[in-house]
Amino acid sequence: MKRNFRFGAFAGLAALCLTATASANPLEVPVPIQMNVFGLPLAFSHETIVVCAAVAVLIFLACGFWARGMNKDNPSKGQVLLEAIVGMFDDLCKQSIGPVRGRKYLPYIGTLFLFIWTCNMAGLLPVPEMHLGAEHYEDLNENGLYDPGEPYEDTNSNNMHDAGFPVPAFEEPTKNLNVPLGMAVLFVVLIGHGSQIRIHGITGYIKDYFSPGGFIGVAMFPLNVVGKIAEVVSISFRLFGNIFGGVVIITVVSGLLYHVIFPVGLYGFFGVFVGTVQAFVFTMLALTYIAMGAAEE
Amino acid sequence: MDIANLSAFLGAGLAMGLGAIGSGWGAGYVVTGSLNGMARQPSEQPGLFRSMLINQALASNPSIFALVISILLYNMGGADLDAPDSWAQAAAFLAAGLCVGIGTLGSGAGSGLVGSEAVESVGRCPSSQGRVTMMMLIAHAWAQTPCIFSLVISLVLLYVIGGFNQMVGQSNYIDIVNAGRLLGMGLCMGAGAVGPAIGIAFVGSRVCRATAEAPDALQKIRNTFFVGAAVSESTAIYALVISLLLKP
């Protein structure tokens with residue numbers, strides 16, 4: 001248990017350090033961290049990293065706290081909640097994939113739902129983009145409201161120091177198309193197709209592309225290929241379109257109403273309700289696509 | 001750049017105007033199923049009401065996609081496009097609006113069909129609510145796949161073709177030909193998404209009822225549903241392929 005705490009703190013610190021490095025660039029366009037893996041450029045956006053940090057810290061701390069008080073005979077409220085969530089996904093996996101093999105996919109599916117749900121909820125936290133400890137040109141703008149202004153840019157000295165400690169704004173990472181697309185590739189292609197190859201063999205996997213079989217199967221091959229690509233496209237664009245659409249509606253309507261009262265209801269509907277439903281839909285579809293290749297006979 | 005601004009505003013209006021038709025019908029149609037279910041099982045009123053709200057939210061998804069494209073087009077129309085006149089760029093904006101506008105007709109109405117049947121099925125057999133909800137979510141998602149294809153084509157038309165002024169500076173002949181290709185691209189995907197969405201929604205609505213009536217046969221029902229819906233969806237994929245081939 002102590003190890004859980006230490007690991008959680010370590011993960012959170014590491015992620016915060018990454019965030020700090022990511023935000024310390026003077027460009028206006030937030031360029032994410034880029035690295036080359038085998039020649040392929042990989043990029044992480046700030047929001048993703050912040051949410052990753054939050055999720056890591058929260059989940060590890062929660063595990064540490066709740067695991068200490070867990071008791072089979074006299075369960076606490078938190079334990080009942082956790083057990084209900086885990087039990088629901090356990091049932092879903094068992095129903096879709098099968099009683100034995102379904103258990104193996106439970107960690108993937110549960111993590112996917114928790115990650116996407118936390119991503120969709122991240123926009124609710126009222127944390128604007130800040131530079132802690134930065135010196136500003138002016139504190140009041142022309143309307144008399146507080147304005148953090150642009151931090152000094154002194155290229156001669158260390159940029160980190162002058163710009164202050166950067167804290168990026170909390171926004172839904174899922175409104176950036178790269179995040180849903182990455183999750184779709186990871187879960188549909190890597191886990192879905194991967195487990196199909198592992199269970200049915202490479203011949204069984206290729207045979208699936210000629211799916212009705214025989215002469216018609218050869219004619220259906222191009223359609224099956226497009227269909228497999230369309231799975232990834234539709235699952236990722238559905239999440240992206242919903243979250244991005246919600247953000248656009250909240251921004252536009254809040255601007256029209258001068259941010260009086262109504263945005264709370266909008267956040268309740270498009271933030272909490274649609275975010276939860278779409279996280280569940282994404283998880284269910286990923287589970288379904290995995291089950292198409294990995295279901296027990 | 002008068003023509004592009006004109007067609008961007010025209011596209012914005014068409015996208016939201018056409019996009020509201022299907023979803024509005026669908027979101028209203030869900031309530032009829034809810035009322036039928038309440039007439040059958042008055043004691044299940046709170047559960048049916050909750051289920052109705054979820055289904056209405058899902059049925060209005062396609063109109064949210066139309067709204068996104070509409071607002072993006074509105075911003076592009078307001079921007080000062082500093083480029084010579086190009087029929088192709090104007091056609092890209094108009095086609096983006098038409099594509100998502102027509103494409104959401106079927107999905108909105110189809111989602112309404114699925115939702116209505118699902119809520120009524122919960123009223124028929126409240127004990128299988130969990131399974132019906134699961135199949136309902138999958139059926140909604142599948143019925144909205146064609147309209148997501150049209151959203152993708154719209155975004156391609158907006159950003160890959162319209163936004164970077166790629167079409168500007170061509171000779172007059174090529175400009176007109178490209179305009180035709182782009183309009184065809186938008187209309188192909190938009191109109192091609194209507195039928196499959198309604199077809200899949202018929203499958204999905206019957207699946208919800210079958211799940212409520214025979215919960216033990218869930219595995220067989222789901223297999224039939226997936227095969228049937230995939231074949232029905234293949235017509236939308238034909239439209240997607242042709243529409244990507246038309247891209248200049």
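# Exercises on a two-chain predicted model

In this model, 30 residues of chain A are in contact with 30 residues of chain B, where contact means heavy atoms within 4.5 Å. The model is predicted, so local features need pLDDT of at least 70 and side-chain atom pairs count only at pLDDT 80 or more, while totals for chains, interfaces and linings use all residues. Residues are numbered from 1 along each chain as its sequence is written, chains are lettered from A and ligands numbered from 1 in the order in which they are written, and side-chain values use heavy atoms, with hydrogens and water left out.

## Exercise 1. The two chains

Describe the secondary structure and the burial of chain A and chain B.

*Solution.* 

Step 1. Chain A has 8 helices and 4 strands; helices (H or I, at least four residues) and strands (E, at least two) are DSSP runs, numbered from the N terminus. Along the sequence of chain A, the order of elements is α-β-β-α-α-α-β-α-β-α-α-α.

Step 2. Chain B has 9 helices and 0 strands, and its pattern reads α-α-α-α-α-α-α-α-α.

Step 3. Of the 297 residues in chain A, 39% are buried, and of the 248 residues of chain B, 57% count as buried. The term "buried" stands for under 20% relative accessible area, "exposed" for over 50%, and "partly exposed" for values in between (1.4 Å probe, protein chains only).

Step 4. Consider contacts between residues at least 6 apart in sequence: in chain A, 70% of them join residues at least 24 apart, and in chain B the corresponding share is 91%.

## Exercise 2. The interface

Characterise the interface of chain A and chain B by its buried area, its salt bridges and its polar contacts.

*Solution.* 

Step 1. The size of an interface is often given as the accessible area lost when the parts come together. Here the area buried between chain A and chain B is about 2,500 Å², and carbon and sulfur atoms give 82% of this area. Buried area is the accessible area (1.4 Å probe) that two parts lose on being put together, summed over both.

Step 2. Between the chains there are 0 salt bridges (a side-chain nitrogen of Lys or Arg within 4 Å of a carboxyl oxygen of Asp or Glu).

Step 3. The rule finds 4 residue pairs in polar contact across the interface, both residues being at pLDDT 80 or more. A polar contact is a pair of N or O atoms within 3.5 Å; within protein, one must be able to donate a hydrogen and the other to accept it, and residues adjacent in sequence count only if both atoms are side-chain atoms.

Step 4. On the side of chain A that touches chain B, α3 (77-96), α7 and α8 (262-294) each supply at least two residues. Helix α7(A) gives the most, with 16 residues.

## Exercise 3. The surroundings of N242(A)

Which residues does N242(A) touch, not counting residues up to four places away in sequence?

*Solution.* 

Step 1. N242(A) lies in helix α7 of chain A. Because its relative accessible area is 2%, N242(A) is buried.

Step 2. The residues touched are V274(A), Q278(A), N61(B) and F65(B).

Step 3. The side chains of N242(A) and N61(B) are joined by a polar contact of 3.5 Å.

## Exercise 4. Aromatic pairs

How many aromatic pairs does a search of the whole structure find over all chains?

*Solution.* 

Step 1. The search finds 14 aromatic pairs. Rings of Phe, Tyr and Trp (its six-membered ring) pair if their centres lie within 6.5 Å; planes under 30 degrees apart count as stacked, over 60 as edge-to-face and the rest as tilted.

Step 2. F240(A) and F244(A) form a stacked pair, 5.5 Å centre to centre with 10° between the planes. Both residues lie in helix α7 (residues 214-256) of chain A, 4 residues apart, about one turn of the helix. F240(A) is buried at 11% relative accessibility, whereas F244(A) is partly exposed at 22%.

Step 3. The pair F269(A) and F270(A) is edge-to-face because the ring centres are 4.9 Å apart and the planes stand at 90°. F269(A) is partly exposed at 33% relative accessibility, and F270(A) is buried at 15%.

## Exercise 5. Backbone angles in a loop

*Solution.* 

Step 1. Most residues other than glycine have a negative phi.

Step 2. H259(A), although not a glycine, has a positive phi of about 60°, and I261(A), also not a glycine, has a positive phi of about 55°.

Step 3. H259(A) is in the loop between α7 and α8 of chain A, and I261(A) is placed in the loop between α7 and α8 as well. H259(A) is exposed at 61% relative accessible area, and I261(A) is exposed at 68%.
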